[in-house]
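Here's a quick tour of a protein model for you. Have a look at the structure first, and then we'll pick through it topic by topic.

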Amino acid sequence: MRFSSLFGPTAAELAFLIQLWPIVTLIRPTQGVSFTPVPAPSLNLQSLGQVALAGNFDSISLYSYQQQSEDSFSTNGTQSLITQLPNGDFATTATADGYITTMCPFVMHDGTFAGVIVGGNFTSLSGVEAQAVAMYNSQTGQVTPLPGITGTVNVLLCDQDTNTVYVGGDFKGANSTNAVAWVGMSGWANLPFQGFNGPVNSIKQAPNGNVIFGGSFTGLGNSTTTTPNQKDQQVINISSANITSGGTTTTAGFDNATNIVCKTNGQDGAGNTWLLADQTPGFWRADMNFGYEPSLLRIWNTHQDGRGTRTFRFTAIPINGIMNFTYTNPDTGEEGLYCDAQCPLTANTSVPYQDFRFVDTVGMSAFRIDISAWYGAGGGLDGIELFQNDIFAYAVDSLNEPTCANTQFPSNSTATGPWSVSPSASSVSEYLTANLVGSKVSTEGISVVFEPDIKQKGNYTITIFTPGCLQDNSCGTRGIVNITGNYATASAPGLPVETQIYQTNDYDKYDQIYQGPVDVNSGGFRPTVTLAPLSGQADGITIVAQRVQFSIGNSTGGLNGLYEFDPNTSTLDTDFSNSTFDQAGMDLEPGAIIMTMAVMGDATYVGGNFTDSTTGFENIFSIGTGNATTLPNGGLNAEVNSIVAYEDLLYIGGNFTNTVNGSVTSLNNFAAFNTTSQTWQALGAGVSGTVNTIVGLEVNVTIDQPENCITVNGFFNQLNKFGSNDAVNVSGFGIWVPSRQNWLQNLDLPSQAITGQLSTMTNVTKAGTPQFALYAGTLSSQDMSAEDAVYLKSDPTNLQSLHVGIQPQQAGPLTRKRAISGQNVTGVVTGLFHTSGSINVTVLGGHFTATASNGSTIDNLAILSGTNVTGLTSGLDADSAFLALAASDTVLYAGGTVTGNVNNAPVNGLVFYDLGLGKYSYPQPPPFGGGNVAVNTITVRPNKTPAQVYVGGSFDTAGSLGCPSLCIFENGAWNPPGSGIGGSVAAMTWQGSTADKLLVGGNLTAGNNATSLATYDVTKNQWEEVSGAAANVPGPVTALAPANSDASSFWVAGKSTNGSAFLVKYDGTSYTSVGDTLGDQTTILGLSVLQLSKNHASSNLVPENMILLVTGQLNLPSFGDASAALFNGTTFSPFILATSGNNPGSLSQLFSENSVTFGAAGGHMAVGFVVLIALACALGAIFLLVVAGILIERYRRKHEGYTQAPSSYFDKTSNMGRIPPEHLFGRLGQSRQAPML
């Protein structure tokens, strides 16, 4: 379904519909964002019959576009701009170092598309430094910073009519707080009301064209009640500064510039006073290790020997600006005086000190006082102090208030654990760094506790600052910290408050961690903020701690979370009761928090955390024509975080479970409200935790069949059970399919696989027409959801589900399948197609759980016959794993790390299963013995009756027989294949046209020589090391594949002794390595040589009509991770991408119904077609010869005088039996002569 009709003809309608309808017009990109298709490989799989791929994955794709990848979704707090590829997958176009919370397309009044405005809590976008907001060019990918805002942007509204972008959040910008405007391309402009005194969470354009702001504010930014009652609350620490001076006296006891630090008694004398040389100007300077914004300068003048400072100036560093002050003349009492370059000090000894208040709030990290005039013989000072309004607590305790400040509860911090001080570099202050090493990171014993100096009770905004990671080169290891706050006594709300902060920001940032009441310090209580590493993170993370800020705000300003602004008027209406929106907010209980708004028709729907005791509604209501109206059943019983309009429904997410009156069940955090019928609707049974955002998304619900869907994003781990649908484990992400009234994760369809989270989306428009959707968040996607096995088809190349019913792991959202203790085997490891008589089955083996057709549970081996799925009968241990399969007639040979009891006898490493009877064969082979027994490979010798089953792996004995590494089962007994072989066998293949040699790869010893390759001559019953293998194969072989019809040429792969992957070809005489063309993290699990229908460029390694398929967990240096790649002899090309949970997946092998055939280079036809054509040619030649012979014979007879014999006889057969044979055939050998006449 398309929704272009929703976009009205006017620009104003466009502006608010973009905000109203985040899921509208989900059009896949056709222009503006370019994607590069990848030509499909020309595989010819016809001669192989059925072909399948086995591995460890839950989603899989063919590599079709260069922008595809196996990348997992980010879990470190970073998000990206995301676009949708034509095949439905998603690609990242720009990455931020934090959250992206909002976007809107900025279309100018003349129709020019300026770009997409992006907002969030990031400090860089696509590697470009951009604090909280930037403009993204969707055509070129260019990022343009919009400097001037510090903080977090929560919401944007682009208004084409006024060329304006309204920006809301928790920030400072221009001379406004929390709301500001970007006008045209000229830059930031203050709104007439200069923002708000609290954060803005939502901005919408109402049907009347006015702009509605929603948030947690109580007054406008220009309100006069925002100033704290007690100014200059905190003393700035000068005692830790580097103090220097110039023009200083040489008189002992008065020549030390530090004499006046922490001196507040105004006492003259040696050690207490700093003096300049006689009749000499001079300066005094303090360089701190932190930044600050002073509000007050306090100076004690000296009167030593009649000396003293007459005039001075104060210079802020590093801006090198002379500060302006207001002061009171202590001699006359005159107030409100101004000074800058020559600020006066009195010589009156009865004046202890003088205060100079800064006119402007200016940030600095150092300052200098220059003395230009003096009393008596020269200038000097007895003391100096700086104060600031805001309250800070620093992690580096030496930066906190000095002990000499005579403060009862000075700001301080306590660091516990392996913290070290890091220089400020490009940050605002020094900070603490902890490099945490260990298998699990715990908060025990590692923390920084901040204790601020709170002198005034009130509503505070608390902000924590995080230094950027680029300056200390720690971006690769930055982790997550848990912030716990105790802000008020137990009788006050909000105790304690916890939040998590991701520290992956490139540049300095700050995050608001709390807004609400904070109590003053007392003997029994003190507010604290504790920073500690979040437990359970990866080994080797880095965390930092810098400072926490407490800023007091006003508690009353006439508003309560809602404000209506008319952009067409130049004067503000301060009578808030004239606005329906303002009045609706004021009718709510104090402290209302508006989180989200949506506009539908003439109604604006408002959601958040609030109550209206008068009307009895909670957390959601609507504002129509002239009044606020409760929704049915009183609204919802807890906070609403997100509202999205779709058709006549409102999709609502939050932290609720029911309506206020409890009459509608199953509204667990996600629900719908029908605006036509005015009824609530359950969506399944909701989700198990809080929903933060709802974002529309176009999804291939079935392959290449896109539908408009609703994504639910937040902190939950299950899609709740409802009806016949079981609960589904997820990681904070669900996709609701409106057309199916179900979760995508519940649908048994070959659907697209998408995991991650989305925070917002917008439609990129051109000339008023939506072009494509741009998303923000972090996603991992592949073409198809499929568990561990898929069919591979050619002409055209595609993947299809095997429908075996393998279950995703239910232990948690990121662990998809079980893992075996002590071994790294998960998913499907091996597969087999087998046909014998009436048996036609597909067998999958590995370590997994599947559901049989009858509903029972299958462990580790599944048998697919048509659509019927079965498993082995009971007897094997559930933690077994199958690594190798083979079959002969009706018997399946299945090996691996297999243990249990079958037919009342122990098995180890190998079981035989009768596919015809559907039960274990009797008797079973004697079990293998040794430490860590594993069967890695099984092969049946071709054309041999009875069957000879060759079993290779890691074992010492077979039953009581010493038979290390490889053993032969024939006629019900084990037999050793000669002697001299040892080690571990990983792979085998037959050599020669009569299959009289077995090529074996692994970690071997042959004749007491270490080697990776050896051959067993069946006719001679002896082993031989493959010539040159020890010197040319750099490690144990884990995979091999024939490179020609008799396997005299072959490929081998494995891990070299240095841990890197190798791939080597042996052509019968020499070895050729592909070199260091694969990344260090590559693990090759399988090799297959396949035919092509179209030749590639000629290569010495791979014939032009063939290609090498490499499977495993591959890292291609020019691309990244892939699960399969094709090698044409010169280049690796990504072929298949797969993921498992939130990690790259892997493919273990390709298996097929028939073995590969090797034709001559340049051929394009299967061998069967070649044989048929040859036969036709031969028959045609014979036919022509016969016709020619008949014609020649007729000519000869006519030439020799033959005439036609009579054709009428009395009895054609009456005398036939009487003719002796010799009369019939006796003259055949004689020369023929013409008859005598």
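The protein chain is built with five helices and 90 strands.

**A salt bridge to start with**

- Arg298 forms a salt bridge with Asp355, and the closest N and O atoms are 2.7 Å apart.
- This pair ties together distant parts of the chain: Asp355 sits in strand β27 (residues 354-358) and Arg298 in strand β21 (residues 296-301), 57 residues apart.
- Side chains of opposite charge can pair when their charged atoms come close.

- How many salt bridges does the count come to? The count is 10.
- Asp519 and Lys457 make one of them, with 3.8 Å from N to O.
- Here, too, distant parts of the chain are linked: Asp519 is in the loop between β38 (509-518) and β39 (528-533), while Lys457 is in the loop between β34 (447-451) and β35 (458-466), 62 residues apart.
- Is Asp519 buried or exposed? Asp519 is buried, at a relative accessible area of 9%, whereas Lys457 counts as exposed at 59%.
- Arg740 and Glu707 also meet through their side chains in a salt bridge (3.8 Å, N to O).
- Arg740 lies in the loop between β55 (733-737) and β56 (742-743), and Glu707 lies in strand β52 (residues 705-715), 33 residues apart.
- In this pair, Arg740 is partly exposed with a relative accessible area of 37%, and Glu707 counts as buried at 19%.

**Strands that pair up**

- Strands of a sheet pair through backbone hydrogen bonds, either parallel or antiparallel.
- Strand β28 (residues 364-375) pairs with strand β20 (residues 282-292) in the antiparallel sense, over seven bridges.
- If you want to find that pairing in the model, look for Asp287, which stands opposite Ala366 in β28.
- Strand β28 is also joined to strand β22 (residues 308-317), by nine bridges, and these two run antiparallel.
- Which residue in β28 is the bridge partner of Ala316? The partner is Phe367.
- Elsewhere there's an open sheet of three strands, in the order β70-β73-β74, with antiparallel pairing.
- Its edge strands are β70 (928-929) and β74 (961-962), because each of them pairs on one side only.
- Strand β73 (residues 957-958) pairs with β74 over two bridges, and Thr957 stands opposite Gly962 in β74.

- Most residues other than glycine have a negative phi, and most peptide bonds are trans.
- Asp795 isn't a glycine, yet it has a positive phi of about 60°.
- The peptide bond from Asp795 to Pro796 is cis, with omega near -5°.
- Asp795 is found in the loop between β60 and β61, and it counts as exposed at 68% relative accessibility.
- Another cis peptide bond runs from Tyr922 to Pro923, again with omega near -5°; Pro923 is in the loop between β69 (919-920) and β70.
- Asn633 also has a positive phi, of about 65°, and it lies in the loop between β46 (628-630) and β47 (640-646).

**Surface and inside**

- Leu1175, Leu1179, Ile1182, Val1186 and Ile1190 make a nonpolar surface patch of about 460 Å².
- Ile1190 lies in helix α4 (residues 1167-1200) and counts as partly exposed, at 47% relative accessibility.
- Of the 1237 residues in the protein chain, 54% count as buried.
- The accessible surface of the protein chain comes to about 51,000 Å², and 49% of that belongs to carbon and sulfur atoms.

- The pLDDT averages 87 over the protein chain, and 89% of the residues score at least 70.
- Over residues 1-32 the pLDDT is below 50, though this stretch has 102 contacts in the model beyond near neighbours in sequence.
- Residues 809-823 also have a pLDDT below 50, with 47 contacts beyond near neighbours in sequence.
- Where pLDDT is low, the predicted coordinates should not be read in detail.

Technical notes:
Residues numbered from 1 in each chain as written. Predicted model: local features only at pLDDT ≥ 70, side-chain atom pairs only at ≥ 80, totals over all residues. Heavy atoms only, no water. Helix = DSSP H or I, 4+ residues; strand = E, 2+ residues; numbered from the N terminus. Patch = residues over 30% accessible without salt bridge, like charges linked within 9 Å, V, L, I, M, F, W, Y side chains within 5 Å. Areas by Shrake-Rupley, 256 points an atom, 1.4 Å probe, with all protein chains shown as cover. Salt bridge = Lys/Arg side-chain N within 4 Å of Asp/Glu carboxyl O. Buried < 20%, exposed > 50% of the residue type's maximum accessible area, 1.4 Å probe, protein only. pLDDT = per-residue confidence, 0-100. Contact = heavy atoms within 4.5 Å.
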